[in-house]
Amino acid sequence: MSRKPDGMGTIRTEGGLLSRALLERVAAGDKTLAGMAPEAYHLAPNEKLGEAITRSWNRLVGAWEAFSEIVTNLPADEKTATTITRQRWSLLLFQELGYGQLQTAKAVEIGDKSYPVSHGWDHVPIHLVGVKVDLDKRTPGVAGAATMSPHSLVQELLNRTDDHLWAMVTNGLRLRLLRDNVALTRQAYVEFDLEAMFTGQAYADFALLWLVCHQSRFEADIPAKCLLEQWTIEADERGTRALDQLRVGVEAAITALGEGFLAQPANIALRQRLEDGTLDKQDYYRQLLRTVYRLLFLFVAEGRDLLIDPAADPTAKQRYRSYYSLTRLRALADARRGTAHGDQWAALQLVMRALGESGEPALALPGLGSFLWKPHATPELDSAQLDNRHLLTAIRSLSTTTEGRVTRSVDYRNLGAEELGSIYESLLELHPILDVAARTFRLETA
């Protein structure tokens, strides 16, 4: 089976649980992943995964249409619609994912606290609530949502017991895959927006849901041996290698910028200050480092959709995305090597100045005001020019990692502060070697 990821527009991974890179491998039918053969999904001999997924999709499309009509006509005083949601949709969905008729579960008692999860399969808690119940809010008087939100109920259960490692929770509109994350400081889950998936006919996203949440992914004598956990371990190992590659990419980006500023004919003042010692080479390196960290910040902020002002004019938002964003530069770096022109650096400088001052309403940018964005953090570079070739080389180095012959995009959305901190620490061990006359720049380990 070969399937190209289709943007995963209805799928969201939060907190790094099942990285986008892993989901892309699953969607593409990567045979190097354990359990990707049709027989591992309990299909009949010679039956293809694509055929099984299509059958499930066709059945569920009809069920969704009928369920949606019922929900639209629910009486105004219906507060949960739990029974209707389970019988007319959620249980049918899990049947198509290989669980058969899900069995209701007894509340799990841990200490003096009860966890009334509605259903389960083997060692996997599966909490089904009604379409009117918010997964993230407590709903007084509703079983499984009365004392805490359905999501929190299931997550706390996973965190407090060794008997369960993975779980799912759904209100019919969204389905979340959760894992024990007691060691993590923020929520971690994969969310499938079922409403958007079926309303928008996102078949490719459903195929990924089917492949990831199928019953066969959880089979094991003990939870830690299931296929989903094997995938997670392999993805973590790849993530570690990818982080090492990202460190290499950050070094390459600093080198490209360091060389680019030296090589630019217009930067006479910069070269003179380096030659006469007015600008110390270590200070030059620190300014390059801050510039790269500005780029990393923009990658993460854009990846999480946290940079532009949500209340800004839609035209301003689109203007930033189309002409000034790092996402745009990333696409440009993928397509071109770059020229001797300096227009891309000039556009990027406009963004950095806006963030360091009071913002720029015309680009939907707020003012951040921290030292990283202040002009005195990078005074020589702010007044210097840089050609597109060196800038796009730096962007390309920050955008992708290479393992063997495979090049992957860096998932900045789920890059945590710990990873960024470890990259920063590794850069402190480096010092610059530069020859102003020859206009060369490189880094060496101190």
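What percentage of the contacts in the protein with a separation of 6 or more is accounted for by residues 24 or more positions apart? In the predicted model described here, such residues account for 66% of those contacts, a contact being a pair with heavy atoms within 4.5 Å. The model is a predicted one, in which local features need pLDDT of at least 70 and side-chain atom pairs count only at pLDDT 80 or more, while totals for chains, interfaces and linings use all residues. Residues are numbered from 1 along each chain as its sequence is written, and side-chain values use heavy atoms, with hydrogens and water left out.

The protein contains 15 helices and 13 strands. Along the principal axes, the C-alpha atoms fill a box of roughly 80 × 50 × 45 Å. Of the 446 residues, 50% count as buried; buried means under 20% relative accessible area, exposed means over 50%, and partly exposed lies in between, with a 1.4 Å probe and protein chains only. Helix H6 (residues 203-213) is largely enclosed by the rest of the structure, because nine of its eleven residues are buried. The buried residues of H6 are Asp205, Phe206, Ala207, Leu208, Leu209, Trp210, Leu211, Val212 and Cys213.

Two helix pairs illustrate the packing. Two packed helices are described by the angle between their axes and the distance between the axes. Axes are lines fitted to C-alpha atoms, for helices over the stretch in contact, and angles run from 0 to 180 degrees between N-to-C directions. Angles under 35 degrees count as roughly parallel, over 145 as roughly antiparallel, 65 to 115 as roughly perpendicular, and the rest as oblique. Helix H2 (residues 49-72) packs against helix H3 (residues 82-96) at an angle of about 170°, with the axes 10 Å apart; H2 and H3 are therefore roughly antiparallel to each other. Residues of H2 in this contact include Leu60, Ala63, Trp64 and Phe67, and those of H3 include Ile84, Trp89 and Leu92. By class, the contact of H2 with H3 comprises ten nonpolar, two polar and three charged residues. In this classification, Ala, Val, Leu, Ile, Met, Phe, Trp, Tyr, Cys and Pro are nonpolar, Asp, Glu, Lys and Arg are charged, and the others, Gly among them, are polar.

The axes of H9 and H12, in contrast, cross at roughly 80° and come within 12 Å, and the two helices are therefore roughly perpendicular to each other. In this pair, Thr291, Arg294, Leu295 and Leu298 of H9 meet Trp345, Leu348, Met352 and Leu355 of H12. The contact of H9 with H12 has six nonpolar, one polar and one charged residues.

Grid points are joined across faces, edges and corners, and a volume is the space filled by probe spheres set on the points. Five charged, three nonpolar and one polar residues make up the lining of the largest cavity.

The second largest pocket holds about 190 Å³ of space. Helices H9 (281-303) and H15 (417-427) are the elements that give two or more residues to its lining, and H9 gives the most, with six. The lining of this pocket has eight nonpolar, one polar and two charged residues.

Individual residues complete the description. Ile395, in helix H14 (residues 388-399), is buried, with a relative accessible area of 0%. Beyond residues up to four places away in sequence, Ile395 touches Leu295, Phe299, Leu326, Leu329, Arg330 and Ala333. His42, in the loop between helix H1 (20-27) and H2, has a positive phi near 65° although it is a residue other than glycine. His42 is partly exposed, with a relative accessible area of 46%. Arg439, which is not a glycine, has a positive phi of about 60° and lies in the loop between strand E12 (430-435) and strand E13 (440-445). Arg439 is partly exposed, with a relative accessible area of 32%.

Notes:
Helix = DSSP H or I, 4+ residues; strand = E, 2+ residues; numbered from the N terminus. 1 Å grid on protein atoms, 1.4 Å probe; cavity = no way out; pocket = protein on both sides within 12 Å on 5 of 7 lines; lining within 4 Å.
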